[in-house]
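Here is a short tour of one protein model, written for a first look. Keep the structure open beside you as you read.

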Amino acid sequence: MTVRLYRLLAALCDLLIATTLFLLWGWMKSTGVGWWFVGSVLFVVLWMEICWRLRGSPGKAMFNLGVNYRSRGTVYLRELVGKAATWLTGGLGLLPIFSSQQRALHDYIANTDVTKAPNASGLVDVLRIGFAAVLGGLVVLAYVGEKNSPSNTSQAATTAPVKWNVSDSSKAVMTVHVFRGKDEYAQGSGFLIDNQGTAVSNVHVIGSGDRAEVELEDGRKFAVTDVRAYDMTQDVAIFKIGAIGNTGAFPTVPLGSSDSLNLGDKVVVIGSPEGLSNTVTEGILSARRGGDQPALQVSAAISPGSSGGAVFDDAGRVVGVVQSQWEEGENLNFAIPVEVVNMLLKKPDMNVTTQRFFTNILHRDVNSDKDYDDDSSDTTTAKH
């Protein structure tokens, strides 16, 4: 390599060492260490003395280069004042190295020259090892700083689980009013799963009369307009509610997976027991019941009117649809796994009008399977 290239490498080494010490100086200042000013002065004096002893800066010594200092004053003029001027030009002060005189801006300021000058190998080896250690330390610090940077911290914060606000989910849970003629016959619960008004409840809730209306937490009321899909065996109905003077999107709750629950995991039920709209109860997953009608047994309290309400996991995702309680037992409550809802959503839209659903299809199917019409309590006594 030429002396010019060695000089550039030496300048970069000096800059890296100086930057490291400057960062250390800044850290001492930020921590309130009172002696940082005195320490900075002592460092400058020590650095200049090292340059005088090495007949050049530490960076130059690593590449066996020397400077013809005339005195210690020349060292200060060249290494402190001159190099400050060189770097204040954004490094352009190094370009004259490639001229015939091979002098940088600080060489012109101090009237010095740089030549090949072998140094004591032991000291040079120490400098090289020290430089490698500084460089490795900076790499580690840069990596740690990047991992803990505000952008990465904010990204981690967005991916971290957010605490569930039960009040937000409650806005999407509805009270279902079922009528026979002009009179209200039964009452249950349901919940919205998209902002276009698609909702979920039990077949035995919305099918116990000849028309149904729903009421949201904020008091708005809507008619059940048509039934998208239903499963008599699983007792789940997916339907649409129509706007009565309504504009804007509906509040919704997300669907989860009951398979993600372990026995003993916390569950929350929101429904309208005994007409008390948007009542929140808490419990655990007590058991899983199999057979033709898989069910989730939960300890969260339910009462007549809770049927069709939503069972949530602790992240606010729907994992089940409240269906029944075992009246002969103590706090034995059952819900239909949300997978039944997901299965129905994958089926083609039945496009069943409420009139056809209530009068032609549902009552015939219900009466041939289970007489929900005779159960005005909105609570089954099925034993799962």
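## Salt bridges

A salt bridge is a side-chain nitrogen of Lys or Arg within 4 Å of a carboxyl oxygen of Asp or Glu. This is a predicted model, and the structure holds 10 such salt bridges. One of them joins the side chains of Asp107 and Arg78, at 2.7 Å from N to O. Asp107 sits in helix H5 (residues 105–110) and Arg78 in helix H4, so this pair links distant parts of the chain, 29 residues apart. Because buried means under 20% relative accessible area, Asp107 counts as buried at 0%, and Arg78 is buried at 0% too. Arg78 and Asp107 also belong to a network of salt bridges that includes Glu79 and Lys83.

Arg103 forms a salt bridge with Asp113, with 3.0 Å between the closest N and O atoms. Here Arg103 is in the loop between H4 and H5, while Asp113 is in the loop between H5 and strand S2 (114–116). Arg103 is buried at 12% relative accessibility, whereas Asp113 is partly exposed at 31%. Lys266 forms a salt bridge with Glu282, the closest N and O atoms being 3.3 Å apart. That pair links strand S9 (residues 266–271) with strand S10 (residues 279–289). Lys266 is partly exposed, at 38%, and Glu282 is exposed, at 55%.

## Helix H4

Now follow H4 along its length. The helix has 17 residues and reaches 23 Å from its first C-alpha to its last, close to the 24 Å expected. At Gly82, H4 bends by about 30 degrees. Gly82 is also among the buried residues of H4, which include Thr74, Val75 and Thr86. After H4 comes Gly90, with a positive phi near 75 degrees.

## A nonpolar patch

Which residues make the nonpolar surface patch of about 520 Å²? They are Val41, Val45, Tyr76, Leu77, Leu80, Val81 and Ile109. Helix H2 (36–54) and helix H4 (72–88) each give two or more residues to the patch, and H4 gives the most, with 4. Val41 lies in H2 and is partly exposed, with a relative accessible area of 40%.

## Strand S13 and its partners

Strand S13 (residues 318–325) is mostly covered, with 8 of its 8 residues buried. Strand S12 (residues 310–312) runs antiparallel to S13 and is joined to it by 3 bridges; Phe312 has Val318 as its bridge partner. In the hairpin of these two strands, 5 residues lie between them, and Gly316 takes a positive phi near 85 degrees.

S13 also runs antiparallel to strand S14 (residues 333–337), through 5 bridges. There, Val322 has Ala335 as its bridge partner.

Definitions and conventions. Residues are numbered from 1 along each chain as its sequence is written. This is a predicted model: local features need pLDDT of at least 70, side-chain atom pairs count only at pLDDT 80 or more; totals for chains, interfaces and linings use all residues. Side-chain values use heavy atoms; hydrogens and water are left out. Patches are made of residues with over 30% relative accessible area and no salt bridge: like charges are joined within 9 Å, nonpolar side chains (Val, Leu, Ile, Met, Phe, Trp, Tyr) within 5 Å. Accessible areas come from the Shrake-Rupley method with a 1.4 Å probe; for residues, only the protein chains shown count as cover. Buried means under 20% relative accessible area, exposed over 50%, partly exposed in between (1.4 Å probe, protein chains only). The expected span of a helix is 1.5 Å times one less than its number of residues. The bend at a residue is the angle between axes fitted to the seven residues ending there and the seven starting there. Two strands pair if DSSP finds at least two bridges between them.
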